[in-house]
Amino acid sequence: MSEKETIRQPLPPADNAPAPVLSNDTKPSGAEALFLNDFNIDRLFQGIERGDYIFLYYIQMCLDQAPDSDQVYLSDLADAMHLNVTELSKAIERLQDKGYVLWKTDAALGKTYVIFTSKTIELMADEKKRITKCYEAIVQEIGMGELAGVVITLKKIREIINRTNAEIE
């Protein structure tokens with residue numbers, strides 16, 4: 001194989017992600033190619049950024065645990081996410097600025113809570129549909145056995161990343 005044939009070509013970006021700008025002399029390093037192209041799970045998300053989806057997912061999980069309610073108290077969400085309320089408040093403020101949640105105060109209890117906007121309910125359904133369709137295609141094309149092996153490998157990679165990040169800090 002020639003050197004040109006062995007160089008990885010970057011994957012095309014998702015609709016909402018800019019493509020890396022590379023000159024003819026610049027190619028992504030192995031590390032960059034791995035984390036920007038090969039394991040860039042953000043490409044799956046189209047209507048909501050992955051980080052926002054994670055917070056919205058936890059809100060939905062808390063709502064599912066209290067089916068008679070359409071609101072989640074920040075203290076309950078903080079417990080579910082293992083965050084302190086101060087850290088969580090910054091994320092909720094960002095979600096509110098994007099129009100995903102409304103942040104209100106229960107005057108009687110002196111506690112704050114969030115509720116989904118109608119926009120969020122629709123976007124979450126679309127993202128869940130996309131995630132499910134992608135997962136089903138993966139299972140169909142590579143099978144559960146190979147997928148299980150990939151998941152084990154990804155867990156090992158996550159542990160290495162966490163360990164390396166801890167060493168750097």
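Reader: What is the mean pLDDT of the protein?
Author: The mean is 82, and 79% of the residues reach 70 or more; pLDDT is the predictor's confidence in each residue, from 0 to 100. Over residues 1-24 the pLDDT is below 50, and this stretch has 17 contacts beyond near neighbours in sequence (contact means heavy atoms within 4.5 Å). Where pLDDT is low, the predicted coordinates should not be read in detail.

Reader: Turning to the sheet, what is the order of its strands?
Author: The open sheet of 3 strands runs β1-β3-β2 with antiparallel pairing. Strands are DSSP runs of E with at least two residues, helices are runs of H or I with at least four, and both are numbered from the N terminus; two strands pair if DSSP finds at least two bridges between them. The edge strands are β1 (72-73) and β2, each pairing on one side only.

Reader: And how many bridges join β2 and β3?
Author: Strands β2 (residues 101-106) and β3 (residues 111-116) pair over 6 bridges. D106 stands opposite K111, and in the hairpin, with 4 residues between the strands, G110 has a positive phi near 70 degrees.

Reader: How many salt bridges does the structure hold?
Author: There are 4, a salt bridge being a side-chain nitrogen of Lys or Arg within 4 Å of a carboxyl oxygen of Asp or Glu. One of them links D52 and R94, with the closest N and O atoms 2.8 Å apart. D52 lies in helix α3 and R94 in helix α5, so this pair ties together parts 42 residues apart in sequence.

Reader: Is D52 buried or exposed?
Author: D52 is buried, at 1% relative accessible area, whereas R94 is partly exposed at 35%. Buried means under 20%, exposed over 50%, and partly exposed in between (1.4 Å probe, protein chains only).

Reader: Which residues make the nonpolar surface patch?
Author: I138, I142, V150 and L154 make this patch of about 260 Å². Patch residues have over 30% relative accessible area and no salt bridge; like charges are joined within 9 Å, and nonpolar side chains (Val, Leu, Ile, Met, Phe, Trp, Tyr) within 5 Å. L154 is found in helix α6 (residues 118-168).

Key. Residues numbered from 1 in each chain as written. Predicted model: local features only at pLDDT ≥ 70, side-chain atom pairs only at ≥ 80, totals over all residues. Heavy atoms only, no water. Areas by Shrake-Rupley, 256 points an atom, 1.4 Å probe, with all protein chains shown as cover.
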